[in-house]
Amino acid sequence: MSIKEVILAALLFAVTPLAHANPPVQEVDANASEQVTAGEEISEDEEEGEEFDEEAFIDSLNFQQGKIILGDNLATLNLPANYVFLNGEDAERLLVEAWGNPPDAELPLGMVLPAGISPLAAESWAVTVEYEKKGYVSDEDAGDIDYADMLKDLQEEARTDNAWRAENGYESVELVGWADQPHYDAEGKKLHWAKELKFGDSEENTLNYNIRVLGRQGVLVLNFIANMDQLADIQKNVPTVLAMTEFNQGHRYADFNPDIDEVAAYGIGALIAGKLAAKAGLFATLLILLKKLWIVPVLLFGWLGKRLFGKKKAEVAAPVVEPVAAVAEPAPVAPATTVLDLNKPEDDKR
């Protein structure tokens with residue numbers, strides 16, 4: 001099965017009544033079919049019978065270079081000459097109009113791309129840039145994490161979760177392993193890791209490469225949009241992307257003021273395993289990035305809960321508590337439906 005057939009199959013498998021009604025079957029003209037064969041995605045305009053003018057679309061994008069200020073003087077990207085930047089509006093247009101994602105309620109801060117390569121080319125890749133203002137993330141647990149042990153727990157939880165996915169009509173998602181083992185730069189307060197994922201019976205695995213830069217009140221979220229066969233190229237670019245990204249004065253990790261600043265309810269381990277929703281218990285979420293594809297399921301994992309409480313169960317006697325009334329289970333959360341949803345905490349999706 002070719003990668004295009006796998007992607008089209010994934011689209012069919014992942015569409016559910018939770019998020020979308022089943023659309024009527026539309027005929028695709030010969031030009032659109034040729035584009036699929038050539039490795040290009042069918043845009044929304046093409047599905048409606050209108051030809052997508054790639055050259056005009058690229059010309060309409062404002063590619064920037066050099067020093068880029070993010071947000072309200074939040075952070076700076078110092079781009080080398082071989083990188084370009086799109087602001088939030090243009091990044092959203094690329095995601096929606098060219099790559100087929102539905103629009104998001106919140107624009108990204110922008111997107112970094114390699115210079116000299118069309119974002120519509122098969123060899124293209126991109127890094128979306130977002131900011132999660134969820135508080136100061138303590139890195140005290142960074143040196144205590146056994147990533148081999150974490151991977152085993154995540155894989156076990158993935159297998160358990162796939163039983164639920166099968167019962168509810170979703171294809172399975174296997175965590176094959178670390179595509180690049182997590183690494184935390186304690187001095188620079190920067191974290192990066194990559195997961196290799198397998199969707200259903202797909203012959204080609206998916207790359208989920210993530211970078212997090214810790215700041216005073218939140219985390220810069222940088223996610224590579226790339227295929228698994230681009231891993232070597234992405235790994236070459238990771239050090240440069242890490243070096244070019246810095247919080248500005250007043251927003252840096254060292255600027256944290258414990259008297260006035262909020263502290264996040266999670267640490268380094270949760271950023272890697274997946275963000276937990278503090279009010280809903282210890283659920284970690286594996287967030288999967290699939291290039292130019294908006295149907296991306298979400299896996300729920302319990303690695304952090306095991307790490308925090310698993311050993312304590314044998315050491316601490318259970319307290320005597322009075323009976324309480326039964327509490328209704330929370331309503332299930334629909335799987336993420338855009339590439340920009342992929343690394344958002346669960347409480348942002350409700």
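Helix H7 (residues 231-244) lies across S2 and S11 and runs at about 25° to S11, where contact means heavy atoms within 4.5 Å, and where axes are lines fitted to C-alpha atoms, for helices over the stretch in contact, with angles from 0 to 180 degrees between N-to-C directions. Helices (H or I, at least four residues) and strands (E, at least two) are DSSP runs numbered from the N terminus. This is a predicted model, in which local features need pLDDT of at least 70 and side-chain atom pairs count only at pLDDT 80 or more, while totals for chains, interfaces and linings use all residues. Residues are numbered from 1 along each chain as its sequence is written, and side-chain values use heavy atoms, with hydrogens and water left out.

The strands S1, S2 and S11 belong to an open sheet of three strands, in the order S1-S2-S11 and with antiparallel pairing; two strands pair if DSSP finds at least two bridges between them. Its edge strands, each pairing on one side only, are S1 (67-70) and S11 (245-247). On average, neighbouring strands of this sheet are turned by 20° against each other, direction ignored. S1 and S2 (residues 75-78) pair in the antiparallel sense over four bridges, and Leu70 stands opposite Ala75 in S2.

Helix H5 (residues 88-98) is largely enclosed by the rest of the structure, because eight of its 11 residues are buried, that is, under 20% relative accessible area, with exposed meaning over 50% and partly exposed in between (1.4 Å probe, protein chains only). Among the buried residues of H5 are Asp90, Glu92 and Leu94, and what covers the buried residues includes helix H4 (54-60) and strand S3 (83-87). Asn87 caps the N-terminal end of H5, with a side-chain oxygen 3.2 Å from the backbone nitrogen of Glu89, and H5 is followed by Gly100, whose phi is positive, near 80°.

A search of the whole structure finds eight aromatic pairs; rings of Phe, Tyr and Trp (its six-membered ring) pair if their centres lie within 6.5 Å, and planes under 30 degrees apart count as stacked, over 60 as edge-to-face and the rest as tilted. Two of these pairs are set out here.

| Pair | Centre to centre | Angle between planes | Class |
|---|---|---|---|
| Phe52 and Phe57 | 5.4 Å | 50° | tilted |
| Tyr209 and Phe224 | 5.6 Å | 70° | edge-to-face |

The second pair links distant parts of the chain, with Tyr209 in strand S9 (residues 206-214) and Phe224 in strand S10, 15 residues apart.

Definitions and conventions
Polar contact = N/O pair within 3.5 Å; in protein donor to acceptor, adjacent residues only side chain to side chain.
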